[in-house]
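This report examines the domain arrangement and the charged contacts of the chain shown below. Please keep the sequence and the model at hand while reading.

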Amino acid sequence: MIVLVGFMGAGKTTVGHVLAERLGTPFVDSDVYIEQQLGRSIVDVFAAEGEEHFREIEHRSINELVRGSDAVLALGGGALGDPRTRAILRKTTVVYLRVDYDEALSRVHQDLFRPMLQRADLDQTYSRRLQAYAEVAAIQVDTNGRRPDAVALDVLRELTRLPSTPPGTSNILVTPVGGTYYAHVGRQLLDLAGTLLPTSTDIEQAVIVESDRDTSTADRVAASVTAQGISVTRVPVPDTEADKDLAAVGYVADQLADVALHTNDLVVAVGGEPVCDLAGFVAATFNRGTRLALVPTTLVAQADSAIGGKNAINMPQGRNLMGTIHQPTVVIADVTTACANVERGFRAGLSEIAKHALISRSDLLHVLEESSEGACSADVDAVHQLVSRSVEIKADIVSRDERATAERIVLNYGHTFGHAMDLVTGQQEDQGQSVSLGMMAAAHLARRQGRVGDDVVDRHRHLLSRLGLPTSGHFDLEAMQRAWLRDKKYRHGVRFVVLNGLGRAETGVTASTDMLADVLDDLARR
C-alpha cells in the first residue's frame, strides 16, 4: 500500500495515477471514494454537517482502504490531522509530495470543489499540516515547478530503496527525533535479518547479544548477518529481569571492548525484553553510542518494549531505575518466535496490547476482543495482526514524544500501580499480572473520580479476563505508598494515568490516601 499525502495542489491525484499505472496496481482517491460511498459531494457534507463530521467519516474510510487490497492511495490534504489516521498509515509506505503554499494556491484557486479554500486562516492551516506530513513519510519529493511524470519517477526510484520483506509483512515506520527506522512485523524474517539491517559500508562487525534461551533463533540471525560480509561475535546472556543489572552491563561492555567494536559497527539484540533492554543500554553508552538492531523474540518485546528507544536496567532498589533513550536502526519482529515462546513474555505482551487498545482511539480494542481466543492460543495470524496494530499505535505516540515529556506518558497506563505491585510482591518476571491489575486499579480510580462509569470498568474486566489475565488482587496501601516513592514519575506525590473514557487518557492525575484505599478495596473484590 503506497499512500500519497500533501497539501491540496501537491499533485497527489495526478502523480498517483502515473504511479499506479507504472506499478500495475489500482489507484484510489480517498475523497472520491468517500463521495461514492455517501452519494454526496464533500462540499455538501462540509456545508450541512461541518468539518468535524467529515473528518470522522474520512478516518473510517481511510481505515477501510488501508486494510484492504494493495493500491496507490491519495489522501485529502487534511486527513493527517487525526492521530488515528497517522497511526494506521505507519504500516504503509507514505510518500509526501511537498509543495510551497503560493504554488499550491496557484494550482487550485479556481477549484469550487475544495471547501477548505474558503478558510480565512488557510496559510496557518498549511503551516500546521507540514509537520504531520513529514512525520509519517518514508519518502519526500518536491513538486514545485515539476511535471507529474518527473515526480512519479523520483518516487519510483525511492521506492526501490525500501527494504524487501515477505508478502504480508507489516513494515511500520517509526519517526522519533532520535532516528527514523522500520519495525518489520511478520513471518520468515529471521533469515532475512542481514538484508534488513541498515545499509552502510562502515559496518565491519556486529556483536549479537543473545538470549541463552534463543540459541537457534540467534543461529539464523548470525548466519544472515554473516552472509552480508559482516563478521559476527556472539555473547549469550541470561534472559531474565533478575540478571538485567550493572554487572551484566559490565560483562557485555567487556566483550565489545575485547573485539574493538566501533561506533559505526552494530550491536544486535536477539531475545526477550530483558536482553533487548540490556543490549540497548550498552549500545547507548559504549563509545558514547553505537548502532543498535533489535530482534525481539517474545510477545511483550515485539508488541511494546522494542519500539521507542527506551532501554533500562534494574537496581536492588527498584526496576528500570537506570536507563537511556537510544533508538534502534531497525526492529525485526518474527511473530513465529513470539508464538513459540508462550512460557515467557506472552501474557505480559497481551497486557501491553490491551493497554494500547484501551488508551487509543483506534479499532484495536474491538479487534482484540474479537480475536482474544486466537491470541490466547498463540495463533500466528491473530498474533501478527495484534502485534502490527499495537506497534502502529506505539510508533505514532513515541514519534511525537520521544522522551516522555507529554503524550508518551499515556503509555504508563496501569504501570504506576503495576510497578508498585511488583515491588510489594517481590516479583521480578512480569507475566502480565501487574500491568493487568494496574489497569484495573486505574479503572477503579477513574470511576471513583467520576471520570468513567461502571461500563468502562466492566469492559476492562471482560477484556482482561478473556485474555486470561487477573482482574483482582489484595495489596496493602502502606506498602504501595513506600513503593511509589521509588517511582520514576514521582512529582511531589504519586501521579497516575487514568481514562476519561475509552481512548481518552489523562496524565498527571493525583488521588487522596482515602481514595487510594477505596481503589485497593475495589481491586480486592472479585
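## Domain contacts and salt bridges

At 26% relative accessibility, R98 counts as partly exposed, a class lying between buried (under 20% relative accessible area) and exposed (over 50%), computed with a 1.4 Å probe on protein chains only. The model is predicted: local features need pLDDT of at least 70, side-chain atom pairs count only at pLDDT 80 or more, and totals for chains, interfaces and linings use all residues. Residues are numbered from 1 along each chain as its sequence is written, and side-chain values use heavy atoms, with hydrogens and water left out.

R98 takes part in a salt bridge with D142, with 2.7 Å between the closest N and O atoms. This pair links distant parts of the chain, since D142 belongs to strand 5 (residues 139–142) and R98 to strand 4 (residues 93–98), 44 residues apart. D142 is also partly exposed, at 37% relative accessibility. A salt bridge is defined here as a side-chain nitrogen of Lys or Arg within 4 Å of a carboxyl oxygen of Asp or Glu. Helices (H or I, at least four residues) and strands (E, at least two) are DSSP runs, numbered from the N terminus.

By this rule the count comes to 41 salt bridges.

| Salt bridge | Closest N to O distance |
|---|---|
| R361 and D82 | 3.7 Å |
| E135 and R86 | 3.5 Å |
| D142 and R98 | 2.7 Å |

D219 is partly exposed at 36% relative accessibility, and R234 is partly exposed at 33%. Elsewhere, salt bridges that share partners join R86, R90, E135, D396, R400 and E407 into one network.

E135 lies in helix 7 and R86 in helix 5, so the pair ties together parts that are 49 residues apart in sequence. Both E135 and R86 are buried.

The domain assignment, which is automatic or taken from a database, divides the chain into domain 1 (2–160), domain 2 (170–400) and domain 3 (413–524). The C-alpha centres of domain 1 and domain 2 are 33 Å apart. How many residues of each domain are in contact across this interface? There are 15 residues of domain 1 in contact with 18 residues of domain 2, where contact means heavy atoms within 4.5 Å. The two domains bury about 1300 Å² between them, with 43% of it on carbon and sulfur atoms; buried area is the accessible area (1.4 Å probe) that two parts lose on being put together, summed over both.

The rule finds four salt bridges across the interface of domain 1 and domain 2. Between these domains there are also seven residue pairs in polar contact, both residues being at pLDDT 80 or more. A polar contact is a pair of N or O atoms within 3.5 Å; within protein, one must be able to donate a hydrogen and the other to accept it, and residues adjacent in sequence count only if both atoms are side-chain atoms. On the side of domain 1 that touches domain 2, the elements that give two or more residues are helix 5 (83–89) and helix 7 (122–136). Helix 5 gives the most to this side, with five residues. The residues of this side divide into six nonpolar, two polar and seven charged. In this scheme Ala, Val, Leu, Ile, Met, Phe, Trp, Tyr, Cys and Pro count as nonpolar, Asp, Glu, Lys and Arg as charged, and the others, Gly among them, as polar.

D82 is found in the loop between strand 3 (72–74) and helix 5. Is D82 buried or exposed? D82 is buried, with a relative accessible area of 13%. Leaving aside neighbours within four places in sequence, D82 is in contact with H59 and R361. The side chains of D82 and R84 are joined by a polar contact of 2.8 Å.
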